Amino acid sequence: MAAAGAGLLTAGGAAQFVSPSRVRNTVARVSYERANEYVPQALAVCTPSEAGYVGVLEMSTEEAIAEFERKGFAEFYPSYLHAYRRDDDVVYEHGNLVRFSDDEKSQLHVRLFPHGERTEIRAHWEPSVRTQPEAHLAGDDVDHEKGERMIRAEFDVIDEPFSGDLSMDDRCS
């Protein structure tokens, strides 16, 4: 992926830490909005599938990322950035996290999207990218229902209809 690590950004003489997640999001956003047809497929911005929407958390994406990390999830950078339309705006994911099973053969993959001061969650259970990379990339064993059950067992998810539009033009289909 385009963002391999964290860095320091200087603004007005003060250094600020820039997370790999933020770098990844910014690079993908600029590539989609300014040079989509020239960007390699591996760096494309993709619309999520119809399946996988879980619901809403009553916290910001920053708070949600911290909560997921407390529960053993880690940010996951080498995957497509997802985005969709809401009203007239493109909403980009702000969190892309995974937690591996004890045997590391599977992973719970979560994507978090801002929705005002709240967070929309998308999740699925799938073969681990670490131990089963071919099966992971093939995507044949993605289980959205199991991912949703696992998230609901750990978080207070609000049942609310999906707020976005998945018809955004992308090159990932």
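User: Which strand is β4 joined to, and by how many bridges?
Analyst: Four bridges join β4 to β10, residues 118-127, and the two run antiparallel; strands here are DSSP runs of E of at least two residues, helices are runs of H or I of at least four, both numbered from the N terminus, and two strands pair if DSSP finds at least two bridges between them. This is a predicted model, in which local features need pLDDT of at least 70 and side-chain atom pairs count only at pLDDT 80 or more, while totals for chains, interfaces and linings use all residues. Residues are numbered from 1 along each chain as its sequence is written, and side-chain values use heavy atoms, with hydrogens and water left out.

User: What stands opposite Tyr53?
Analyst: Arg122 in β10 stands opposite Tyr53.

User: And what's the strand order in the sheet?
Analyst: The open sheet has five strands in the order β4-β10-β9-β8-β5, with antiparallel pairing. β4 (53-57) and β5 (74-75) are at the edges with a single partner strand each, so one side of each lacks a neighbour in the sheet.

User: Which helix packs on the sheet and touches β5?
Analyst: Helix α2, residues 61-70, packs there, touching β4, β5, β8, β9 and β10, where contact means heavy atoms within 4.5 Å.

User: Switching topic, which residues touch the most others in the largest nonpolar core?
Analyst: Of its 16 residues, they are Phe68, Val110, Leu112, Ile121 and Ile151. Such a core is a set of buried Ala, Val, Leu, Ile, Met, Phe, Trp, Tyr and Cys residues joined through side-chain atoms within 4.5 Å, buried being under 20% relative accessible area with a 1.4 Å probe, protein chains only.

User: Which elements supply at least two residues each?
Analyst: Those are β4, α2, β9 and β10.

Note on methods
Axes are lines fitted to C-alpha atoms, for helices over the stretch in contact, and angles run from 0 to 180 degrees between N-to-C directions. Buried means under 20% relative accessible area, exposed over 50%, partly exposed in between (1.4 Å probe, protein chains only).
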